[in-house]
Structures are given as structure tokens and as C-alpha cells.
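Subject: Structure handover and notes

Hello,

The structure is placed below for you to open alongside this message. My notes on it follow.

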Amino acid sequence: MRPSDLAPTFISHAPGYWPQESMARWSDHKWQLRNRVDSLTDLESRLNLTDVERAGALLAGHKLAMSITPHFFNLIDRDDPDCPIRRQVIPRIEEGWNAPEEVADPCGEDSHMPVPGLVHRYPDRVLFLVTDRCASYCRYCTRSRVVSGVGEQQLETQWEPAFKYLEQHTEIRDVLLSGGDPLLFSDDRLDKILTRLRAIPHLQFIRIGSRIPIFLPQRITPELCAMLKKHHPLFISIHTNHPRELTSEVRDALGRLADAGIPLGNQSVMLRGVNDSVEIQKALVHKLLMCRVKPYYLYQCDLINGSSHLRTSVAEGVAVIEGLRGHTTGYAIPQFVIDGPGGGGKIPINPNYLIDTSPGRVTLRNFEGEIFEYPDPTLIPKADLDRLHQEAFSRSM
Ligand SMILES: *Cc1c(COP(=O)(O)O)cnc(C)c1O
């Protein structure tokens, strides 16, 4: 960890590993995408890899691809083999080993797809997987079976049948666009999709799940924001795990989205060696609030193949929440959840503040460990109620 990781400051890391000349194109998101680090040669030309990483990068072409935008790559600490940024995006050999508890589709999405690309798990909302590509690939991706184009399955979104399903299912009021990363689409393409969804009267609420504000803040152009603004009420859930990811460019991109009236939430994943401490999580959520982003969920890492080196115990996540609740702003505290293996949906996990329940009262503890009793309401005795009526009546005379 760098001491600056804990500071509530937003710094730019450009040009970092790139030559000064590249600054002329730096803010062009297409340049960023064209110059992603996606081969071992490219990676090794910039960074001294460990053997574990070199072997991991060789393996990556056969499962989840490697791809890192220059913007995000610059957050990597050259001298720190345990850098929390490199653990998220540089493959490691451990990815090649599947623990007995791990699977390809940990949230059971494939068995909840009435139409390819549409996951209908909850009564009133759907997850709409609109692309299999991202700006960069997270090594713990829950959808690595379909994302990046080199995995074992193909995502085959069936657009017309999906729109028909949404039209026919009037109980659906909430659509979450995800993938892959929907903000990788052109403004025009996204506008058409959102317009089509907005034409369905019972869809009250649309969300986009995206890590582009973090991987590629240059994509959050004024034009994109102006287009998104036409489709309100529209929320965006971003994905960030470590305070170093909140650079000045990211803060400005999030500011443009917030100024377009888009409420922003963040989803983090508990990751070993990345954000498995209260102090890092606290620095992260404080910076998120400064960027007008509400920490929404903190996920226990899904049981995705090849993730055991990144997963933490459930108790560690509970300890993080316990270290936040009461100790900092309530708005800063995400809900810790486990996505039920096989398709249980998100299950909230909380520290236990309810120590005992007995008839008529509960025993509680607060964040400082003090004990409190909270009794159920006492019913007003008939005699007292009669007397109050009598008093009120005599006053009105
Ligand atoms: C996460 C998720 C949603 C959205 O859940 P919220 O708790 O409303 O954020 C919807 N569908 C699926 C399949 C999901 O995994």
C-alpha cells in the first residue's frame, strides 16, 4: 500500500508508463482502447512481471482475455509485486486452478434466461446482458464464461425477442443493462436501445452497470451525458474496489454524470490483497462520497473458476461493515451481500447488532459494544384513554 492510497485526494497518473507525446491523444477514448495492454510482449515491455504473472498472462488467451487501458495501467505500482491494481487486471497462474467449490456460472444465470441475454431472477426486474466486451477485464469476473470472447461460451443476445419479452411481461418495472460494459457502445447505439426500452410504458426504472468511468473515464463525454439525460429516470452503478482508482479524471467523469442528473451507486467486490481491510474500504467510500457516488453493494466474491487466490472469508466482509457502521457517515456504508450460489439472488449479510429477542423486548449492541434494551410499545389502558377524552372534552367547553 502507498500512504497516498489513504488520502482523500484525487491525482492524475498520466502519462505514467507512456511517453510524454501520447498526452496529445490521452483524453481520446478511442486512442485509449486502441492502446490497451493486451499481450504478454506489451505487458513485459512496460513492467517487470513475476513468474506467477508471466505464466498467468500466457494462460489468459485461453480463458478470460487480458486487456488494460493505459489510463488504468498507470495506477499500477512498478515496484510493488502485491500492488492492489495489478491483482485486479494482470492474470496470475492461480487462475488456472479451479477450487472444488468453484463453477463457471456461479450465480446460475444461464438457468434463469427466458431469452438469451435476459436474466429474469427477481419478480419485478431483469438483468439485460447487452455485450460481452469491456474496456478492461477484471480477473475475478463473475461472467468470465461469456465475457471477452475467448471463454467457453458465447453471449448471444437476442435483441428482438428480448424487447418482446419485456413488452409482454408487464410485471417488469426495472431493467439493468450490463454485460460486458454497455458504455462501450457508441452514443447512437445506446440511444437506440434506451429509446426502445423507454417506449415500453411499464418500465419505470433503467440502470446501467459499468466500470467505464473507472477504466476509461475519457468515454464519459459531454455528448454521452447529454444523450443519457434524455432517458431519465436513469441510474448508473459503477464498479470500483480501491481508492487509488478514483483519480482526478475519474472524479471529473463522475461529476459530468452526476451533473446530468444521474444518481450514481458503486459496487465493490471484497478481494484478497486489494481491499480486504477497514482502512482501505473507508478511504474508498469517503472518496466515493466526494465524487457524489453512494456505495451501494459490497459483494462477497462469487465462486467463479480460478478465483480462490482473490476470495476472502465471509467474516472479513462482515468485519469491514462493522468497522464502518457508526464509525463513519451512514451514506458511505454499502450493503454487504452474497449472491446465492446457483441463483439465490443477493442475500444481505450484516454484523449482528440484535443480541437477543424476548417477548416484549430486544437486546441490542451499538458500534461501541454498549448494550441497550428496546421494549415493544405498551398499549394505552382504557381508563387512561377515557380520562384523556374527558379532559379534551372539558377544555372545549
Ligand atoms: C443484481 C441483479 C439485479 C438487480 O438487483 P438489485 O438488488 O435491484 O440491485 C437484477 N437481476 C439480477 C439477475 C441480478 O443479478
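Domain bounds here come from an automatic or database domain assignment. For the protein chain, this assignment gives domain 1 (3-92), domain 2 (110-348) and domain 3 (354-396). The centres of domain 1 and domain 3, taken over C-alpha atoms, are separated by 59 Å.

Before the details, two remarks on the source. This is a predicted model, in which local features need pLDDT of at least 70 and side-chain atom pairs count only at pLDDT 80 or more, while totals for chains, interfaces and linings use all residues. Residues are numbered from 1 along each chain as its sequence is written, and side-chain values use heavy atoms, with hydrogens and water left out.

The sheet

Helices (H or I, at least four residues) and strands (E, at least two) are DSSP runs, numbered from the N terminus. Two strands pair if DSSP finds at least two bridges between them. On that basis there is an open sheet of nine strands, in the order 1-2-3-4-5-6-7-8-9, with mixed pairing. Strand 1 (118-122) and strand 9 (345-348) stand at the edges with a single partner strand each, so one side of each has no neighbour in the sheet. From one strand to the next, the twist averages 30°; for angles, axes are lines fitted to C-alpha atoms, for helices over the stretch in contact, and the values run from 0 to 180 degrees between N-to-C directions.

Strand 1 and strand 2 (residues 125-129) run antiparallel and are joined by three bridges. Leu118 has Phe128 in strand 2 as its bridge partner. Helix 10 (residues 248-259) packs on the sheet and touches strand 5, strand 6 (264-269) and strand 7 (293-299); contact means heavy atoms within 4.5 Å. The direction of helix 10 makes about 135° with that of strand 6.

Strand 3 (residues 174-178) and strand 4 run parallel, with four bridges between them. Val175 is bridged to Ile206 in strand 4. For burial, the classes are buried (under 20% relative accessible area), exposed (over 50%) and partly exposed (in between), using a 1.4 Å probe and protein chains only. Six of the six residues of strand 4 are buried. Phe205, Arg207 and Gly209 point one way from this strand, and Ile206, Ile208 and Ser210 point the other way.

Salt bridges

A salt bridge is a side-chain nitrogen of Lys or Arg within 4 Å of a carboxyl oxygen of Asp or Glu. The whole structure has 35 of them.

One of these pairs Glu109 with Arg145 (3.2 Å, N to O). Glu109 is in the loop between helix 5 (86-89) and strand 1, and Arg145 is in the loop between strand 2 and helix 6 (159-168), so the pair ties together parts 36 residues apart in sequence. Glu109 and Arg145 are both buried.

Arg211 and Glu245 also meet through their side chains in a salt bridge (2.9 Å, N to O). Arg211 lies in the loop between strand 4 (205-210) and helix 8 (212-215), and Glu245 in the loop between strand 5 and helix 10, so parts 34 residues apart in sequence are tied together. Arg211 and Glu245 are buried as well.

A further salt bridge joins Asp259 and Arg292, with the closest N and O atoms 3.0 Å apart. Asp259 is in helix 10 and Arg292 in the loop between helix 11 (278-290) and strand 7, 33 residues apart. Asp259 is exposed at 56% relative accessible area, and Arg292 is partly exposed at 45%. Elsewhere, salt bridges that share partners join Asp105, Glu109, Asp110, Arg143 and Arg145 into one network.

His231 sits in the loop between helix 9 (222-229) and strand 5 (234-239), and is buried at 4% relative accessibility. Its side chain makes a polar contact of 2.8 Å with that of Asp191. Not counting residues up to four places away in sequence, His231 touches Asp191, Leu194, Thr195 and Arg198.

Thr157 is in the loop between strand 2 and helix 6 and is buried at 16% relative accessible area. The side chain of Thr157 reaches the backbone oxygen of Leu129 at 2.7 Å.

Regards

Key. A polar contact is a pair of N or O atoms within 3.5 Å; within protein, one must be able to donate a hydrogen and the other to accept it, and residues adjacent in sequence count only if both atoms are side-chain atoms.
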